[in-house]
Amino acid sequence: MTARDEARQHPQQEECVPGDGMVRRRFLGYVLAAPTVTVAAQLGEAVLVPAPAAAAAPALVPSLPGPSEIYDLNDMLTHAALPTANLITIRIDPDGTAAFALPRAEVGQGITTSSAMLIAEELDLPLEKVRVTLADARPELLFNQLTGGSNTTISTFTPIRIAAAVARGRLLRAAALELGELVGSLTAKAGAIVSTTTGRSLTYGQLAVKAASVTDTAVGVALKKPSEFKVIGTAQRRIDALEAVTGRKKFAMDVQVPDALPTMVCRPPTINGTVRSVDNADEVRAMPGITDVVRISTGVAVRGRTFGQCIDAVRALQVTWGPGSAEGDSDATVLRKLRAAELPLVVPPLPLLTKAVDARFTFHFASNSALETNCAIADVRGDSAEIWASLKSPIVAQEQIALQLGLPITAVKVHVTEGGGSFGRKLFHDAAREAAEISRAMGKPVKLMWHRTDDFRQGRTHPMSTSRVRATYTLGEVLTYEQRHTSVATDFGHGLGEIITSAAAQLPVGDLTFSQTIFQLTQQSPYHFGVTTQLLSETDKGFNTGSMRNIYSPNVRCAQELVVDELARRMGKDAYEFRRRHLKDERARAVLDKVAEVGEWGRSLPAGMAQGIALHPEYHSFVAVLAEIDCRPGTTGRKIRDAYTGPRVTKVVCAVDVGLAVNPRGLEAQMMGGIIDGIAVTLTSGLHLREGHFEEGSWDNYFYTRQWNTPPELEIVVMPPTSDRPGGAGELAVAGAMAAVACAYGRATGTMPTTFPVNHAEPLGFEPLPTTPPIPASPVDGLDRAF
């Protein structure tokens, strides 16, 4: 039996730690055969120890826990990653640094920093000596290379720490041999092993080769207790901050690949339209700087010396287009389909016994609106291909591109670059697949960039949906809560990060099953509202959709919290106290209390101004948001062209409990970004569908939250640790902020909002860009006109 086999049969041990009155769990990791110290985490269940939920006072009409309160999407992703946890390695280099290739995508959320903090903690190494890069696609990682569901820190928290602790132990043993002392007389400190008796020391760099192993060996380690943390839980600046602000940070378009020239695509005027003919390809090919013009499955691609020349060529192309997949559709036609597909409510109010709040909400299409548009570099040759792109599901990209090109998976290399935002967009590899198709057709490397307008009109969108809610009540108690969420189908073609679930998600019945699974594993009610049911129905697959921050949660939570406000109003209760009384979890009650206290809930405000409060539980974390809004005519906001003067959110207080915050400063930034997104989708950011295309073509007419309508007062409160493990955080604040702003808007105007964004009604407030050609003449994107 090998050491690794034995370790798998005995995945964890326990040891008594003198003086701390508790049992410290020991873990098994691996020292791998390598020139310098290279270590890996253990394999198996021992890395996942769920923290028990805090008990709350029983309600008079309690609700049974929903599926996601017992086992949620994050649990599923974490369990799926466990079998390959021991394939993630840390290496100590001769210069004394620790190198780690993170099998996730950094798209601005700060996971390279939090991962470096875990390594620095267990290795007793200065944070600046930890180098975190992004791993290439590694099919052997299976479910362990998907970035989504706020899962990165949760699923890697223990494996990374185990690997770092194994490295520290190996270095200690090597130092003991070099110094001729017992391991117990040595300590690890600031990247060196120091003798507590003689004061002699050796740096990690001096020990890196000496501590290496010629065989794979299983070793036991004990991780630090939270009381011993010096890095985890402290506010740290991002390790990539200097590169970001000085412009040295490398994104896909910064990668230099020989002969990879700028490339763009002329796209159809309607969603997923098809090319029937290209009438002037030779003329366009002869334009200055243009090297190639080819017809592809999504349009007509042009390659040139500069992106400006490519834009000129795209605009000059004369293409006859066939119909698209949403031909003739508009907001009104999609809304009719959604209402026809709504599942029935089953609990009617009983005359003389119960009353009901009955409401229907409409949420329009929305854009992911990442700062970086879809970009990819591809170099496809006869027997190989190489791709560079920001990818949150790189294994699926590698496997599907290999199938597309007819190459074995091993012949396709996929490099993951850092991304300038994602919000779910980069779960799909549309640009990488398209770049590979173009490179093969041209026989040359290409540097493909989507124009901003391409992203708005042909890219992924958050699907349009409705939410029908009925809550029955009597004598101050809620007896039933029913929610029927109906949505344009969400594409889950990325699966769980590999090709099997990716393919299953696209089967005729598989997609529905996949959507239902995701819905049930993410949606929950934090309230004791008696018999509670939340169900999903999906329809209409003619759109390019995807999971935009929180997937279903912002819309579902917004609808519920508005109904909660209405229930409180009808029963003559304070909205905050009503929520507090019905909450299931003490952690939820704590964050709600905190925002009410810090935000001065109930303070006097002028007519037309109001507060809103909301709560959102997700992925073992809780967030509460209090928002104040000013809806007084002529006193707030700013005119957008001549059609809309918007209300302004003047104050937001957010309290967040993620169990253990690895980097509180990074968590604060996550909450700020989520709050800004929540404000946007509530008040201003939505797409208008007309005759099979979206009217919005850039940020000058897609009204994302701007400086003039961000809250002048914004306070984030990170709650003290309630667990020794982190919960999910990346998407947490979006739903909470959207619901709080919607509730504030309803209280300020005296009318519950039911259509989002609230300014979606006609007139548009902007002059739509022409659909043919579908990009502006200037690559500036019209951003100069937006401010």
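## Exercises on a predicted model

Tyr619 sits in the loop between strand E26 (609–618) and strand E27 (621–630). Helices (H or I, at least four residues) and strands (E, at least two) are DSSP runs, numbered from the N terminus. Residues are numbered from 1 along each chain as its sequence is written, and side-chain values use heavy atoms, with hydrogens and water left out. This is a predicted model, in which local features need pLDDT of at least 70 and side-chain atom pairs count only at pLDDT 80 or more, while totals for chains, interfaces and linings use all residues.

**Exercise 1.** Find out whether Tyr619 is buried or exposed, and describe its phi.

*Solution.* 
- Step 1: Start with the cut-offs: buried means under 20% relative accessible area, exposed over 50%, and partly exposed in between (1.4 Å probe, protein chains only).
- Step 2: Tyr619 has 2% relative accessibility, so it counts as buried.
- Step 3: Its phi is near 50°, a positive value in a residue other than glycine.
- Step 4: Now try Ser150, which is not a glycine but has a positive phi of about 50°. Ser150 is in the loop between strand E6 (130–134) and helix H5 (152–179), and with a relative accessible area of 15% it is buried.

**Exercise 2.** Work out which residues of helix H9 (residues 307–316) are buried, and what they pack against.

*Solution.* 
- Step 1: The buried residues of H9 are Cys310, Ile311, Ala313 and Val314.
- Step 2: Looking down the axis of H9, these buried residues fall within an arc of 165°, so they line one face of the helix. The arc is that of the directions from the helix axis to the C-beta atoms.
- Step 3: The buried residues of H9 pack against strands E11 (261–266), E13 (290–296) and E14 (299–304), and against helix H8 (281–285). Contact means heavy atoms within 4.5 Å.

**Exercise 3.** Describe the salt bridge between Glu628 and Arg603, then look at the one between Asp240 and Lys249.

*Solution.* 
- Step 1: A salt bridge is a side-chain nitrogen of Lys or Arg within 4 Å of a carboxyl oxygen of Asp or Glu; the structure holds 45 of them.
- Step 2: The side chains of Glu628 and Arg603 meet at 2.7 Å, N to O. Glu628 lies in strand E27 and Arg603 in the loop between helix H18 (586–598) and E26, so the pair ties together parts that are 25 residues apart in sequence.
- Step 3: Glu628, at 1% relative accessibility, is buried, whereas Arg603, at 33%, is partly exposed.
- Step 4: In the Asp240 and Lys249 pair, the closest N and O atoms are 2.5 Å apart. Asp240 is buried at 5% relative accessibility, and Lys249 is buried at 11%.

**Exercise 4.** Decide where the model should be read with care, using pLDDT, the predictor's confidence in each residue from 0 to 100.

*Solution.* 
- Step 1: The mean pLDDT of the chain is 89, and 90% of its residues reach 70 or more.
- Step 2: Residues 640–644 stay under 50, with 15 contacts beyond four places in sequence in the model.
- Step 3: Residues 778–787 also stay under 50, and for them the model has 17 such contacts.
- Step 4: Where pLDDT is low, the predicted coordinates should not be read in detail.
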